[in-house]
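Here's a quick tour for anyone meeting this structure for the first time. Have a look at the sequence and the model below, then read on.

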Amino acid sequence: MKPRKIIKETSQEDLLNLMSLWNNGEVMSFVGYPQGLGMTLLKLMEWLPWAISKPGRCHYSIYQHEVGYCGETFYHVDEMYETAALDIKLLPEAQGKGIAEFALRFAIEQAFVQGKAKIVYVDPHPDNVKAWKLYRKLGFTSKPRPTNLEHWDTYLEVTREEWENNRSSLEQKIHSNRH
């Protein structure tokens with residue numbers, strides 16, 4: 001039996017786990033915090049209402065029954081441009097188990113359906129090889145960075161149409177392999 005993965009909207013009961021994730025230098029090194037964020041529970045309690053203000057923004061906590069708390073994923077929609085920024089971070093012990101792909105697929109779906117985004121994007125650190133591999137697997141492609149975003153070295157996106165086409169072709173492939 002496959003280990004069960006659970007993705008749930010982050011709530012106060014997840015904040016100690018999230019604090020541990022954000023204060024982990026190994027996890028946060030690719031976002032510029034090799035010592036971790038130094039986050040406190042009070043700061044997280046103040047941050048939480050902003051982070052889960054649907055439909056434009058939602059933060060999720062990821063669990064898997066063998067690992068326990070694994071990490072986070074979220075989307076944040078810019079309504080004017082109909083784009084959603086995405087991110088995912090996993091604890092080292094949760095990496096390499098298919099959890100990131102499962103969780104990011106979920107966040108992408110939510111950004112398109114609930115958040116009404118037409119494009120989702122990520123901007124991984126140029127040296128984060130694992131992230132690049134995941135994003136490419138999910139159909140993200142490098143494009144010129146839109147001028148409405150802060151300058152950064154990378155920008156990968158997938159449109160809703162591309163996502164739905166990839167999903168349809170994958171489902172057809174799975175269906176034909178069963179017969």
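**A glutamate in helix α4**

Leaving aside residues up to four places away in sequence, E101 touches L134, K137 and L138, where contact means heavy atoms within 4.5 Å. You'll find E101 in helix α4; helices here are DSSP runs of H or I with at least four residues, strands are runs of E with at least two, and both are numbered from the N terminus. E101 is buried, with a relative accessible area of 19% (buried means under 20%, exposed over 50%, and partly exposed in between, using a 1.4 Å probe and protein chains only).

Before going further, note that this is a predicted model, where local features need pLDDT of at least 70, side-chain atom pairs count only at pLDDT 80 or more, and totals for chains, interfaces and linings use all residues. Residues are numbered from 1 along each chain as its sequence is written, and side-chain values use heavy atoms, with hydrogens and water left out.

**How α1 meets α3**

- Helix α1 (residues 15-22) packs against helix α3 (residues 41-51) at an angle of about 110°, and their axes are 10 Å apart; axes are lines fitted to C-alpha atoms, for helices over the stretch in contact, and angles run from 0 to 180 degrees between N-to-C directions.
- On the α1 side, the residues involved are L15, L16, L18, M19 and W22, and they meet L41, L44, M45, W47 and L48 in α3.
- Sorted by class, the contact of α1 with α3 has ten nonpolar residues, no polar ones and no charged ones (Ala, Val, Leu, Ile, Met, Phe, Trp, Tyr, Cys and Pro count as nonpolar, Asp, Glu, Lys and Arg as charged, and the others, Gly among them, as polar).

**Aromatic rings**

- The structure holds six aromatic pairs; rings of Phe, Tyr and Trp (its six-membered ring) pair if their centres lie within 6.5 Å, and planes under 30 degrees apart count as stacked, over 60 as edge-to-face and the rest as tilted.
- Y60 and Y75 make a tilted pair, because their ring centres are 6.5 Å apart and their planes sit at 35°.
- This pair links distant parts of the chain, with Y60 in strand β2 (residues 57-64) and Y75 in strand β3 (residues 68-78), 15 residues apart.
- Both tyrosines are tucked away: Y60 is buried at 4% relative accessible area, and Y75 is buried at 0%.
- Y60 also pairs with F106, this time edge-to-face, at 5.0 Å centre to centre and 85° between the planes.
- Since Y60 lies in strand β2 and F106 in helix α4 (residues 99-113), the pair ties together parts that are 46 residues apart in sequence.
- F106 is partly exposed, with a relative accessible area of 28%.
- Put together, ring pairs link Y60, Y75 and F106 into a cluster.

**Backbone features in the loops**

- A cis peptide bond joins K54 and P55, with omega at about 5°, and P55 lies in the loop between α3 and β2.
- E82 isn't a glycine, but its phi is positive, near 55°.
- E82 sits in the loop between β3 and β4 (83-90) and is partly exposed, with a relative accessible area of 33%.
- K116 has a positive phi too, near 65°, and its place is in the loop between α4 and β5 (119-122).
- K116 is exposed, with a relative accessible area of 58%.
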